[in-house]
Amino acid sequence: LSPQTNRLPNFHFQEYMKTKANKINIVLDASVPLQNPIKIHESIRYSLLAGGKRVRPILCLAACELVGGHEDTAIPMACAVEMIHTMSLIHDDLPCMDDDDLRRGKPTNHKAFGEETAILAGDALLSLAFEHVATKTTNVAPQRVVQAIAELGSAIGTEGLVAGQMVDILSAGKEVSLDELEYIHVHKTSKLLEAAVVCGAIIGGGDGIVVERLRKYARCIGLLFQVVDDILDVTKSSKELGKTAGKDLASHKATYPRLMGLGKAKEFAQQLVGNAVEELRHFDASRAAPLYHLAGYIASRQN
Ligand code: GRG
């Protein structure tokens, strides 16, 4: 990262992340009480409160505060984004999708509760997300809330997550070009991170230019998030296997290291983090500190 960090000696990133995540966790916990039918609520709570990093909601709060908004106004939107992230993980893990047994070190939702319940838990979370943001957002102009809701909706439908997942499924077992891989990553992963930042900025009162500037930042860190995921896939499994090539390189799943080589994928990640930080140059350095450090965190994360 650039020497901008040296100008921010008082910013404690770890503490920042912990404080924000705690706030998010408290609201998420209260948003799904354990009521009848007990099983569906247990299943939702199992995945929603399973200890995710909360990167997306924190990005949402940070963007809101960067444009001068109050954190409280963006908490419902931040939680809605995390609800949608959680539902996408539950559905992604299903036997008809990735067919995964473990998520965050625990049995996946369908393994713990059965496939029918897992599908319904995802559906309920998707619905709750929009209800939550529409009913709990206060002190924000209604047009801004509607604009943010529209942004979130478009980020996850057939121009967003669903499109990415569809193309990913259709490309299974085929040779995937770098452009196709970028399409999948941008839609499956980046769109929701972008929506988190953009919705935070809209709710916080940012004007059009500022919102679009933060969108550019978010697009870079969104793609970065997935490129790092791909790199971790290789480096982690190489360590685990004690080999130079990991599980990812051995399998046929298309990833950046597989298509461009590990070195070039790392260079690409550096380039993306540089471009993201560049967009923050237009803001006051201390106000932009959280988003600045979040970019670094996404670049250097180990899980
Ligand atoms: C959203 C309507 C709708 C449908 C979902 C299943 C599906 C369509 C899309 C799949 C999207 C998906 C699972 C993308 C992968 C995103 C990703 C990199 C997840 C890991 O995120 P982290 O590391 O996870 O933030 P934690 O555990 O920290 O929350």
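Helices here are DSSP runs of H or I with at least four residues, strands are DSSP runs of E with at least two, and both are numbered from the N terminus. Keep that in mind as you click around. Residues are numbered from 1 along each chain as its sequence is written. You're looking at a predicted model, where local features need pLDDT of at least 70, side-chain atom pairs count only at pLDDT 80 or more, and totals for chains, interfaces and linings use all residues.

**Stop 1: a loop between two helices**

Select Asn139, in the loop that runs between α6 (115-136) and α7 (142-156). Asn139 isn't a glycine, yet its phi is positive, about 60°. Is Asn139 buried or exposed? To answer, you need the rule: a residue is buried if 20 or more other C-beta atoms lie within 10 Å of its own, exposed if 12 or fewer, and partly exposed in between, with C-beta atoms placed from the backbone. Asn139 has 9 other C-beta atoms within 10 Å, so it is exposed.

Now jump to Asp99, in the loop between α4 (71-93) and β1 (102-103). Asp99 also has a positive phi, about 50°, without being a glycine. Its count is 11 other C-beta atoms within 10 Å, so Asp99 is exposed.

**Stop 2: a cis peptide bond**

Next, select Asn36 and Pro37. The peptide bond joining them is cis, with omega about -10°. Pro37 sits in the loop between α1 and α2 (38-48).

**Stop 3: α1 against α4**

Colour α1 (residues 13-31) and α4: the two pack at an angle of about 75°, with axes 10 Å apart. Axes are lines fitted to C-alpha atoms, for helices over the stretch in contact, and angles run from 0 to 180 degrees between N-to-C directions. Angles under 35 degrees count as roughly parallel, over 145 as roughly antiparallel, 65 to 115 as roughly perpendicular and the rest as oblique. So α1 is roughly perpendicular to α4.

Which residues of α1 and α4 meet? On the α1 side, pick Lys23, Ile24, Val27, Leu28 and Ser31; on the α4 side, pick Ile75, Ala78, Cys79 and Glu82. Contact means that the C-beta atoms of two residues, placed from the backbone, lie within 7 Å. Sorted by class, this contact of α1 with α4 has six nonpolar, one polar and two charged residues. For the classes, Ala, Val, Leu, Ile, Met, Phe, Trp, Tyr, Cys and Pro count as nonpolar, Asp, Glu, Lys and Arg as charged, and the others, Gly among them, as polar.

While you're in α1, click Ile26. With 12 other C-beta atoms within 10 Å, Ile26 is exposed.

**Stop 4: α7 against α9**

On α7, the contact includes Arg144, Gln147 and Ala148, and on α9 it includes Lys191, Leu192 and Glu194. The contact of α7 with α9 has 10 nonpolar, one polar and four charged residues.

**Stop 5: the inside**

Stay in helix α9 and find Thr189. Thr189 is buried, with 20 other C-beta atoms within 10 Å. Beyond its neighbours within four places in sequence, Thr189 is in contact with Gly222, Phe225 and Gln226. Leu224 is 35 residues from Thr189 along the chain, and their C-alpha atoms are 9.7 Å apart.

Leu224 also leads you to the largest nonpolar core: of its 84 residues, Cys60, Ala63, Val197 and Leu224 touch the most other members. The largest share of this core, 13 residues, comes from α10. A nonpolar core is a set of buried Ala, Val, Leu, Ile, Met, Phe, Trp, Tyr and Cys residues joined through C-beta atoms within 7 Å. In soluble globular proteins, nonpolar side chains tend to be buried together. Click Val197: not counting residues up to four places away in sequence, Val197 touches Leu59, Cys60, Ala63, Leu214, Tyr217 and Ala218.

**Stop 6: the ligand**

Show the ligand and the 19 residues around it; Gly52, Lys53, Asp92, Ile156 and Gln165 come nearest. Being near means that a residue's C-beta atom, placed from the backbone, lies within 6 Å of the molecule or strand. Which helix gives the most to this shell? α4 does, with five residues. By class, the shell has eight nonpolar, six polar and five charged residues.

His12 is partly exposed, with 13 other C-beta atoms within 10 Å.
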